[in-house]
Amino acid sequence: MGDKKQEKSKNLNKRLMKAVKASNSLFEKSLDPKVLEKHRKKVERAGKLVTSRKKITIKRFKIGDIRCEMIRPKDKYDRKTTVLYAHGGAYISGGLCYSRVLASKMAVAMGCTVFTFEYRLAPENPYPAAFDDGMAVWKFLTKSRFKPERVMIAGDSAGGNLALVITQKLKQNGEAMPGGLVLFSPWTDMTLSGGSYEEKESVDPILTKQFVKEAADAYIALSGEAADPKFSPVFGSFEGFPPTLIMVGNNEILLDDSIKLQENMIRDGVRAELDIEKDGWHVYQLAPLPIAKKAIKRAAEFVSNVIGL
């Protein structure tokens, strides 16, 4: 009975991957303004439709011009701990509605408040716009509301990149760092040097190497070289970093970004756990599937062990 259930779930995953790839037309094209705008609206609509509000409460607010949301479980939750979550979207798409999908799952599973924010997007607003917005939200949360060590920073894809860059900057400045990091399919290498960019492209239902390169160029603009750690944090220093969980799918071109990240973190003495889902794809945790639910549960267990929820 168990084998049949696993096989059924595996087949469902494969069918969903094919459906996602078939509908994901943006990643076969350049960043044409009309295509990009259409995609941004599509992503936000999908976030609205997928997120269930049965177990959460949502409160919108602003930090300066940055639109934010505070998402809490309706049941009892830890008031001293929070998650600062940075959404993905290759730095060119994503917003509050998209953020709610993972944020709501984390809030319920982890039993704490999750803060999301709508950072400015490239190509209209290249680096350092998103970084500056992320730092502003971090400072807002840690100035008087939460102790830095009780704040976990989470991020998916480009949001994982942002989480790493923020933490590296805090370390460089000698400032207090977060209690831990939870990274879902983080984009860590804008030089695209990993072999998985080509080896996994035929099975990745979300990303293509061409799209990722164009998104990187749009974000970097004239701000420097792709190998700079402020764009490719995998090449930076991780000494003194907090415990980090890296979750990635086996069927995605960013697989090597995660593998190299763990290797370099361990090299620098960091507790870095790598969780590779053999049937997963890029940020598969967004999907309404058993493997996604189990992954969020593992992430919650990591946070509990690190921060003591």
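Reply: Phe-238 and Phe-241 are both buried, where buried means under 20% relative accessible area, exposed over 50% and partly exposed in between, with a 1.4 Å probe and protein chains only. The model is predicted: local features need pLDDT of at least 70, side-chain atom pairs count only at pLDDT 80 or more, and totals for chains, interfaces and linings use all residues. Residues are numbered from 1 along each chain as its sequence is written, and side-chain values use heavy atoms, with hydrogens and water left out.

Me: What % of the 309 residues of the chain count as buried?

Reply: The figure is 56%. The accessible surface, by the Shrake-Rupley method with a 1.4 Å probe and, for residues, only the protein chains shown as cover, comes to about 13,900 Å² for the chain, and 53% of that area belongs to carbon and sulfur atoms.

Me: How many helices and strands has the chain?

Reply: Helices (H or I, at least four residues) and strands (E, at least two) are DSSP runs numbered from the N terminus. The chain has 9 helices and 8 strands.

Me: How is a helix such as α5 read, and what span does it reach from its first C-alpha to its last?

Reply: An α-helix has 3.6 residues a turn, so residues three or four places apart point the same way. The expected span is 1.5 Å times one less than the number of residues. Helix α5 (residues 158-172), with 15 residues, reaches 21 Å, close to the 21 Å expected. Because 12 of its 15 residues are buried, α5 is largely enclosed by the rest of the structure; among the buried residues are Gly-159, Leu-162, Val-165 and Leu-170. With contact taken as heavy atoms within 4.5 Å, the buried residues of α5 pack against elements including β3 (78-86), β5 (151-156) and α8 (255-267). Just after α5, Gly-174 takes a positive phi of about 75 degrees.

Me: Where is Ser-99 found, and is this residue buried or exposed?

Reply: Ser-99 lies in helix α3 (residues 96-110) and counts as buried because its relative accessibility is 0%. Neighbours within four places in sequence aside, Ser-99 is in contact with Tyr-85, His-87 and Thr-116.

Me: Which strand does β1 join, and by how many bridges?

Reply: Two strands pair if DSSP finds at least two bridges between them. Strand β1 (residues 56-63) is joined to β2 by 8 bridges, and the two run antiparallel; Arg-60 has Glu-69 in β2 as its bridge partner. The two strands form a hairpin with 2 residues between them, and Gly-64 in the turn has a positive phi of about 65 degrees. Strand β2 also pairs with β4, in the antiparallel sense over 4 bridges, where Ile-71 has Val-114 as its bridge partner. Since 6 of the 8 residues of β2 (residues 66-73) are buried, β2 is largely enclosed by the rest of the structure.

Me: How many aromatic pairs does the structure hold?

Reply: Rings of Phe, Tyr and Trp (its six-membered ring) pair if their centres lie within 6.5 Å; planes under 30 degrees apart count as stacked, over 60 as edge-to-face and the rest as tilted. The structure holds 13 such pairs. The ring centres of Tyr-127 and Phe-231 are 5.0 Å apart and the planes stand at 75 degrees, so this pair is edge-to-face. It links distant parts of the chain, 104 residues apart: Tyr-127 is in the loop between β4 and α4, and Phe-231 is in the loop between α7 (209-220) and β7 (244-249). Phe-238 and Phe-241 also form an edge-to-face pair, with 5.2 Å centre to centre and 85 degrees between the planes.
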